[in-house]
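The sequence and structure come before the details.

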Amino acid sequence: MNIPNILTLARIAFIPLLVVFVYLPYSWSMPVAAGLFALASVTDWLDGYLARRWNQSTPFGAFLDPVADKLMVAVALALLIERFDSVWLTLPALVIIGREIVISALREWMAEMGKRGSVAVSWLGKIKTTLQMIALLLLLAFAPSTQLSLLGVVTLHVAAILTLWSMLMYLRAAWPHLSRSM
């Protein structure tokens, strides 16, 4: 157990706290939920940075980091779908969640074929993730129908478009291997 792995585990531990704060009936609960999400987003960057800098990458961390990210994002999106109760938020949220399922399955399948590097994280995925985190932070921090929450919805739409684009890039890279198995 090292500090990067502890940070990743902390991100998972934040999930139930996020849920609790979203449902608390106090005016301060959503800003606290947004703060927790922001802290989790920072640990996402920090655990990878520290693992590389201190040469503390582990198989456990390599497995758990993307799981923690996907759990945090999926839970936040599910909570926001209920909170906003709007097709304009639900559609990009479902695109993002659906893409994560497809790409996770694709990466697992490619790893079994010994071709995991064909679907490694790209620069587009990093931009998508950054926009996604900004959108979720805005949507958690600000009430529906405020200007900043509308900015969050627009940013989530841009992230969803990049999500589809990156998924198509991953599928295209994997297509030669996928089509051989048809």
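The model is a predicted one, in which local features need pLDDT of at least 70 and side-chain atom pairs count only at pLDDT 80 or more, while totals for chains, interfaces and linings use all residues. Residues are numbered from 1 along each chain as its sequence is written, and side-chain values use heavy atoms, with hydrogens and water left out.

Arg99 belongs to helix H4 (residues 87-112). Helices are DSSP runs of H or I with at least four residues, strands are runs of E with at least two, and both are numbered from the N terminus. Leaving aside residues up to four places away in sequence, Arg99 touches Lys128, Thr163, Ser166, Met167 and Tyr170, where contact means heavy atoms within 4.5 Å. The C-alpha atoms of Arg99 and Leu164 are 7.1 Å apart, although 65 residues separate the two in sequence.

## Salt bridges

How many salt bridges does the rule give? The count is seven, a salt bridge being a side-chain nitrogen of Lys or Arg within 4 Å of a carboxyl oxygen of Asp or Glu. One joins Arg99 to Glu100, at 3.0 Å from N to O. Arg99 and Glu100 are both buried.

Another salt bridge joins Arg11 and Asp47, with 2.9 Å between the closest N and O atoms. This pair links distant parts of the chain, since Arg11 is in helix H1 (residues 3-23) and Asp47 in helix H2 (residues 29-53), 36 residues apart. Both of these residues, Arg11 and Asp47, are buried. Arg11 also meets Asp65 in a salt bridge, at 2.5 Å from N to O. Here too distant parts are linked: Asp65 is in helix H3 (residues 59-84), 54 residues from Arg11 in helix H1. With a relative accessible area of 2%, Arg11 is buried. Salt bridges with shared partners join Arg11, Asp44, Asp47, Asp65 and Asp69 into one network.

## Aromatic rings

The whole structure contains four aromatic pairs. Tyr26 and Trp28 form a stacked pair, with 5.2 Å from centre to centre and 5 degrees between the planes. Rings of Phe, Tyr and Trp (its six-membered ring) pair if their centres lie within 6.5 Å; planes under 30 degrees apart count as stacked, over 60 as edge-to-face and the rest as tilted. Tyr26 is partly exposed at 45% relative accessible area, and Trp28 is partly exposed at 43%. The pair of Trp123 and Trp165 is edge-to-face because the ring centres are 6.5 Å apart and the planes stand at 85 degrees. Trp123 is in helix H5 (residues 123-141) and Trp165 in helix H6, so this pair ties together parts 42 residues apart in sequence. Trp123 counts as exposed at 52% relative accessibility, whereas Trp165 counts as partly exposed at 45%.

Ring pairs also link Phe21, Tyr26 and Trp28 into a cluster. Arg107 lies over the face of Tyr170, 5.0 Å from the ring centre; for this, NZ of Lys or CZ of Arg must be within 6 Å of the ring centre and within 35 degrees of the ring normal.

Ser149 is in helix H6 (residues 147-180) and counts as buried, at 0% relative accessibility. Ser149 touches Phe84, Leu138, Leu139, Phe142, Ala143 and Pro144, not counting residues up to four places away in sequence. The side chain of Ser149 reaches the backbone nitrogen of Ser145 at 3.2 Å.

Ser145 lies in the loop between H5 and H6 and is exposed, at 66% relative accessibility. Most residues other than glycine have a negative phi. Ser145 is not a glycine, yet has a positive phi of about 75 degrees. Asn55 also has a positive phi, near 55 degrees. Asn55 sits in the loop between H2 and H3 and is exposed, with a relative accessible area of 72%.

Terms used. Buried means under 20% relative accessible area, exposed over 50%, partly exposed in between (1.4 Å probe, protein chains only). A polar contact is a pair of N or O atoms within 3.5 Å; within protein, one must be able to donate a hydrogen and the other to accept it, and residues adjacent in sequence count only if both atoms are side-chain atoms.
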